[in-house]
Amino acid sequence: MDRTLTFLGIETSCDDTAAAVVRASGAARPEILSSEVLGQTALHEAFGGVVPEIAARAHAERLDGVVEAALSASGIGLDRIDAIAVTAGPGLIGGVLSGVMLARGLAAARGLPLVPVNHLAGHALTPRLTDKVEFPYLMLLVSGGHCQFLMVKGADSFQRLGGTIDDAPGEAFDKTAKLLGLPQPGGPSVEAEAALGDPQRFRFPRPLLDREGCDMSFSGLKTALLRARDALVAEKGGIAVQDRRDLCAGFQQAVAEVLAIKTARAIATVADLRPTTLAVAGGVAANRAIRACLETVSAKAGLPFLAPPLRLCTDNAAMIAWAGIERVRAGLTDAPDFIARPRWPLDQAAPALLGSGKKGAKA
Ligand code: KG4
Ligand code: ZN
């Protein structure tokens, strides 16, 4: 029987300053005692993307308060924390360092063990935190910064089956919104417009479907959308409300179809490994049309489908605390002088990803 472990988690790898307390006891469902997330959208809004220096400074200024808030909301003090788990990469290095430095200071002051966690492992292990999903399972991580298929085999065993070779889908949604004058973050606003549009009117490309494997590409879609928009402007002097809805619907349909087809391929690729579940994580998993396509693919393959609650699909520190607990339970140990890493692929054997993305390194 596993002993009870209560971990403080810290996450600062992108534009969310987050801290959380998670407790796991034996085989019982782990408890999230608190999870505080302070976003930075307003700080970066004017710049059209996350500015690394602004992000790092904001983390450094706010993390103390966020950690205090998480400890206080959990109802337990630092003296009842068993260890601190901190994101040590991949991500924007200034932000990662802010988190690692604070965690190091706290750990040293309190004599607590420090567990470095890979941010992507946090996302990948979330289905076990929320639903105790058994290894191995297939995960599609789709957010503003990440897009990859992972076979999750253990607390520190991940096989990357493929991913984007350029933009992440969330990034494509955000750029589409910008091109069409819709508010950020682009995903929800494009989805709302798409719901009122005709997905058949504009036929956007479905990149890389002719290429074997699970790699994807989304940057060409944005260029195609730009061309369609400019053609309308040239023809009519501007775009009408219905044009915008149809453009959004066509774009969303293209993303959903690419994700669905590649997911079916990923499922076929790992069939011999008998995954227990298809799980999704990342902000794009909130999109109802995309989720519906993935559910259909999963059902066709006879695989249970899981989308954890959105607050745990997007960046948070509960997933980091949990990934730390998983590492300790699996008997994994880390040198106390670990380094913070801007790039840190989960699957060291897979070829490196191209592109670094607006939110830092993709792996
Ligand atoms: O996981 P997340 O909060 O942060 C990281 O990127 O790490 O994901 C945010 C991304 C943004 O690009 C946002 O536009 C996208 O997820 N997103 C959506 C939807 N809600 C959020 N994309 C499509 N449809 C949505 N409903
Ligand atoms: Zn993330």
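Colleague: What makes R128 count as a charge over the face of F135?

Modeller: In this predicted model, R128 lies over the ring face of F135 at 3.7 Å from the ring centre. A charge sits over a ring if CZ of Arg is within 6 Å of the ring centre and within 35 degrees of the ring normal, and R128 is therefore placed over F135. R104 likewise lies over the face of F338, at 4.6 Å from the ring centre.

Colleague: Why is the pair of F135 and Y137 called stacked?

Modeller: The search of the whole structure finds three aromatic pairs. One of them joins F135 and Y137, with 6.1 Å centre to centre and 5° between the planes. Centres within 6.5 Å make a pair and planes under 30 degrees apart count as stacked, so this pair is stacked.

Colleague: Why is the pair of F173 and F251 called edge-to-face?

Modeller: Their ring centres are 4.9 Å apart and their planes stand at 80°. Because planes over 60 degrees apart count as edge-to-face, the pair receives that name.

Colleague: What makes this pair a tie between parts apart in sequence?

Modeller: F173 belongs to helix α5 (residues 169-179) and F251 to helix α8 (residues 241-269), so the pair ties together parts that are 78 residues apart in sequence. F173 is buried at 2% relative accessible area, and F251 is buried at 0%.

Methods: Residues are numbered from 1 along each chain as its sequence is written. Chains are lettered from A and ligands numbered from 1 in the order in which they are written. This is a predicted model: local features need pLDDT of at least 70, side-chain atom pairs count only at pLDDT 80 or more; totals for chains, interfaces and linings use all residues. Side-chain values use heavy atoms; hydrogens and water are left out. Rings of Phe, Tyr and Trp (its six-membered ring) pair if their centres lie within 6.5 Å; planes under 30 degrees apart count as stacked, over 60 as edge-to-face and the rest as tilted. Helices (H or I, at least four residues) and strands (E, at least two) are DSSP runs, numbered from the N terminus. Buried means under 20% relative accessible area, exposed over 50%, partly exposed in between (1.4 Å probe, protein chains only).
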